[in-house]
Amino acid sequence: MLRLGCGMEHQDRDSFDSLDHQVLLARLREKLHDNRFVRLIAALLQAGYLEEWRYHATLSGSPQGSVLSPILSNIYLDRLDDYVETTLLPAYNQGDRRHTNSPYARLRQVVGALRKAGYPDEARQVRRVQQTLPSLDPADPTYRRLRYVRYADDWLLGFAGPRQEAEAIKRQIGVFLHEHLKLELSETKTLITHARTGAARFLGYDIVTLQHDQKHDWRGRRSLNARIGLRVPQEVLQEKCARYRHHGKIIHRMELTHDTPFSIVAQYQAEYRGLVAYYQLADNVSQLNRLKWLMERSLVQTLALKLRVSVNQVYRRYRATLQTDRGPRAGLQVTIARGDGRPPLVATWGGVSLARCRRAVLNDAPLYVPAPRAELERRLLAQTCERCGAQDQIQVHHVRALKDLRRNGQAERPLWVRMMAARQRKTLVVCHTCHVAIHAGRPTGQAAATGRTLESRVLRKA
């Protein structure tokens, strides 16, 4: 019998739209005995939605974009978990361990006999042939292993056994989903993949079986062979790299040029660090070094455009040696000094290790970090009119777009317009008197004493 290590993968991104309301409500009533709460969930499921100002009834599925959808999906698919754990796993898990491979055992005896007879060179040659064979029988008919894992609506089955049994497992799951959960398996998304010749995509990782080789672990054993490996998909790497290229050339990010150099460096570092932290379990996480090079070139080009300097000047201005857990690393660093004895603000680029961390824990729960107050919030808390200096009835004046501030000529633009244009901000903190005067086109602050008229033509055109 031919033994195959198969990974059966299911990734149906539309499962949130396929949940049957009656099955879901019946599942809720099994554990919840509060009819008012169940009726509230039922009303939420049948609330409908608007598309192009047309109302559409919701006949199935859970509310899209709601935090309730993953919870309802887990409740709905909990019956699948029970079915796999109580029916499929006991039926397809057989044997304690594989039997010893007979050709491997015979060669081991030959190696021992040659060494005992005083022929070490011949024993070494036979030993090399022996190491090309698996030590355990890959076609052991008494051994089966089935593993199951699910995250929200994505689930994966790993099966060590013949393909015929893998197809039987797939049919049984399809029948269960159809009869009990009123779901249908997608033939294009539910695949049976050979673990040595293909990869099963699960939660952004490619799950493969590492090929047989002569590598040994720290104990001198070949336990690295046929081990399950996690890899960064090449499609993900190409997609991330494509963001920083245009027609094959590295480009800057124009949307960040209005931010400060501190914010630009912090943004690039946060994006890169988040990607490395997610794929630190992968065997080929070091391939992200190509992405790091592209992002660094894009970063310095963005800073060069922002500061109107050359790329070499950016490196000379912000180059720094970063101290990390793995020693000093070259990178970029932007420092903002603060008064009152407080430590400076530091944003760095680089220093993120690409070493694989096998014991890493991926925590997708958002971490609350108290952030410094936004610029607008600090301006409001100052309780000072940025036009005349008054400190009562502070308000905020808005314009629709920065381009509206440049519609008038430089000479006739009011002072408040020139202030907003110079700051590259669509807001201006003013007192109530100046705010009313701006909208009415009257002089504000000290300009009122000179008799000049500051027309708010921007707002009139808007």
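Select Thr321 first: it stands opposite Ala330 in strand E13. This is a predicted model, so read each stop on the tour as a feature of that prediction.

**The sheet**

Now widen the selection to residues 327-336, which make up E13. E13 pairs with E12 in the antiparallel sense, over 6 bridges. Helix H10, residues 311-318, packs on the sheet here and touches E12 and E13. The direction of H10 makes about 45° with that of E12.

The open sheet has the order E12-E13-E14, with antiparallel pairing. Its edge strands are E12 (319-324) and E14 (345-349), and each of them pairs on one side only. From one strand to the next, the twist averages 50°.

**Helix H8**

Select residues 261-278. This is helix H8, which lies across E13 and E14. H8 runs at about 50° to E14.

Which residues tie H8 to strand E14? Show Tyr272 and Trp349. Tyr272 lies in H8 and Trp349 in E14, so the pair ties together parts that are 77 residues apart in sequence. The two rings form a tilted aromatic pair, 5.4 Å centre to centre, with 50° between the planes. Both Tyr272 and Trp349 are buried.

**Tyr268 and its partners**

The ring centres of Tyr244 and Tyr268 are 6.1 Å apart. Their planes meet at 40°, so this pair is tilted.

Tyr244 sits in the loop between helix H7 (234-242) and strand E10 (245-246). Tyr268 is in H8, so the pair ties together parts that are 24 residues apart in sequence.

Now bring up Arg253. It lies over the face of Tyr268, at 5.1 Å from the ring centre.

Select Tyr205, Tyr278 and Tyr279 together. Ring pairs link these residues into a cluster. The aromatic pairs in the model come to 7.

**The cysteines**

Finish with the sulfur atoms. How many disulfides does the structure hold? The count is 0.

Is Cys241 buried or exposed? Cys241 has 7% relative accessibility, so it counts as buried. Cys388, with a relative accessible area of 38%, is partly exposed.

How values were computed: Residues numbered from 1 in each chain as written. Predicted model: local features only at pLDDT ≥ 70, side-chain atom pairs only at ≥ 80, totals over all residues. Heavy atoms only, no water. Disulfide = S-S within 2.5 Å. Buried < 20%, exposed > 50% of the residue type's maximum accessible area, 1.4 Å probe, protein only. Pairing = 2+ DSSP bridges. Helix = DSSP H or I, 4+ residues; strand = E, 2+ residues; numbered from the N terminus. Axes fitted to C-alpha atoms, helices over the stretch in contact; angles between N-to-C directions. Contact = heavy atoms within 4.5 Å. Phe/Tyr/Trp six-rings, centres within 6.5 Å; stacked < 30°, edge-to-face > 60°. Lys NZ or Arg CZ within 6 Å of the ring centre and 35° of its normal.
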